[in-house]
Amino acid sequence: MAERIGVLGAGYVGLTTAACFAAMGHQVSAVDIDRAKVSRLRAGKVDLAEPGLAELVAEGLRERTLAFSGDFAAVAGSTMVFLCLPTPPGEDGTPDLRALRSALGDLGRALAPGTVVVTKSTVPVGTAQRIPEYLGRADLPVVSNPEFLREGRVVDDFRCPDRVVIGADPPDSPAADRVARLYRPTKARVVRTSSASAELAKYASNGFLAVKASYANTLAELCEQCGADVRDVSGVMGLDPRIGPHFLAPGPGWGGSCLPKDASALLRAADSAGVEFGLLRDAVRVNARQRTRMVRAIRTAATGRRDGSLDGVRIGVLGLAFKAGTGDVRDSPAVAVAAELVRHGAEVTAYDPAVQSEMDGGIVVDDPYLVAKDAAALAVLTEWPEFRDLDWRRLAEAAGRPVVVDTRNVLDPTVLAEAGFARIGVGIPMEVSDACSRSWLHPQAVAGPLQQRPDRPAAARSVRRKEGDRRTGPGGRP
Ligand SMILES: NC(=O)c1ccc[n+]([C@@H]2O[C@H](COP(=O)([O-])OP(=O)(O)OC[C@H]3O[C@@H](n4cnc5c(N)ncnc54)[C@H](O)[C@@H]3O)[C@@H](O)[C@H]2O)c1
Ligand SMILES: O=c1ccn([C@@H]2O[C@H](COP(=O)(O)OP(=O)(O)O[C@H]3O[C@H](CO)[C@@H](O)[C@H](O)[C@H]3O)[C@@H](O)[C@H]2O)c(=O)[nH]1
């Protein structure tokens, strides 16, 4: 049965939900308070670089199964309304439900009797129970349907999810049946629970991913100290189906718009419930330490010193997005590391294939080769596969010192070695890495291979920014 579906919020989750349900044959109206975004969407312009999404939006507009509006009245006649509104962290880490409450307050009276209100936003346990209060009416069925899609593959994840979670009180309510029916085309496993279990399952999943990634980052630190290779260690672990191969790659820390905020929310929920969730608290601490560790590695690679000022030291950054496959920089560890380098006085030039935004105190360029110019070190902060295929000889020629800190272990060591680049990976033993990684672990032994290059200065060069070096990229970025 085709439903008339209203979607509140046309961001990553809302736009995907709207476009995918429209493609499944439902009549969908999406409402967003961002009127400029609504105008662009009506013209078929999708801001998110998500494979397949723009095509689905175009199809929905063409078939007239998908419409966009800035006016809540557009969803008043819906049979189901999906809440896909932001739930950012408040000051104490508790999710800020103001967007949700204000939208429901505006909409409540307008909804027809029997309309099913479905929460897709990530919300604290107990929110479904409070929706009638936010709506100002108690006659509408409420269903909790947390979303698990990942950025960079939102359409694929929505169409082929690992699981669909549908929570209601009682779990077998007719409204929950109707929501479950919507997902039949996905052939996904549908898990029916209470609304509280559905709400907690979402936080529990992201919290667990955070713990797993922090485990991998701590393991990487240990590998560096004891001569093991984290890629082998995690490869062995991942072959155990009880552990699984995913989320074991070390990096500059986990970030994005979800994991950090959901970890904080889960910690707050545990605090309020009087449950000590030390494991998750430590995962958050490890995450902060990992960023600091990467800054220290880059500083040491650039100057041979673990501490001290980076005044005037040029550092080239490859990657700003919180992970490859997205242009999203919300809570990006790459941006945090770059900002910390700037804070210590470094002159940072950054490139990311999908990021157009400006960077506080640094320069974002639209050509990866510009980041190397006179750089005392390069740092790969996002695992874009195309960084492997850069012309590393050309980068070596441009760089002040051909040394790269590969915080994602994505580069090809052979290509780098042929280009004359010294590489410092994460969790990779000194034997596998080159002599430069020894300088990272033992700062007094500075940059052996660099001293063997007579045409290169052994120590970091302090390079003053020249006005002529400023480049203007697309989107008006400096
Ligand atoms: N991004 C993800 O990968 C992802 C995945 C699963 C769950 N979630 C959760 O889904 C929710 C939405 O996340 P998102 O990433 O899609 O957010 P987003 O920031 O991409 O989009 C939110 C949209 O809502 C709009 N909006 C804000 N207030 C509004 C209001 N009062 N009325 C109408 N529209 C309003 C904004 O203009 C924006 O377009 C959050 O709770 C998030 O935790 C996100
Ligand atoms: O082995 C790994 C895997 C990931 N990360 C980092 O972890 C962060 C989060 O990555 P990912 O989970 O892929 O990003 P999101 O798109 O934010 O997706 C997460 O957050 C969404 C919003 O809640 C959920 O729906 C998804 O299921 C959940 O994976 C990123 O900084 C990654 O670089 C690592 O450091 N190592």
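The model is predicted, so local features need pLDDT of at least 70 and side-chain atom pairs count only at pLDDT 80 or more, while totals for chains, interfaces and linings use all residues. Residues are numbered from 1 along each chain as its sequence is written, chains are lettered from A and ligands numbered from 1 in the order in which they are written, and side-chain values use heavy atoms, with hydrogens and water left out.

**Stay on ligand 2.** Select N206, where an N or O atom of the side chain is 2.8 Å from an oxygen atom of ligand 2. Then select L248, which has a backbone N or O atom 3.2 Å from a ligand 2 oxygen. Taken alone, ligand 2 exposes 700 Å², and the protein buries 90% of that (accessible areas by the Shrake-Rupley method with a 1.4 Å probe; for residues, only the protein chains shown count as cover).

Now show the shell of ligand 2, which has 19 residues, with L149, E151, K202, N206 and C258 coming nearest (near: a heavy atom of the residue within 4 Å). Helices α8 (195-226) and α10 (259-272) each supply at least two shell residues; α8 gives the largest share, three. Helices here are DSSP runs (H or I, at least four residues; strands are E, at least two), numbered from the N terminus.

**Move to ligand 1.** Of the 25 residues around ligand 1, V13, D32, K37, T87 and K261 come nearest. Select V13 and T122: a polar backbone atom of V13 is 2.9 Å from an oxygen atom of ligand 1, and a polar backbone atom of T122 is also 2.9 Å from a ligand 1 oxygen. At I33, a backbone N or O atom lies 3.3 Å from a nitrogen atom of the ligand. Ligand 1 taken alone exposes 830 Å², of which the protein buries 90%.

**Finish with two helices.** Select α1 (residues 12-23) and α3 (residues 53-63), whose axes come within 9 Å and cross at roughly 55°. Axes are lines fitted to C-alpha atoms, for helices over the stretch in contact, with angles from 0 to 180 degrees between N-to-C directions. The two helices are therefore oblique to each other (under 35 degrees is roughly parallel, over 145 roughly antiparallel, 65 to 115 roughly perpendicular, the rest oblique).

Conventions:
A polar contact is a pair of N or O atoms within 3.5 Å; within protein, one must be able to donate a hydrogen and the other to accept it, and residues adjacent in sequence count only if both atoms are side-chain atoms.
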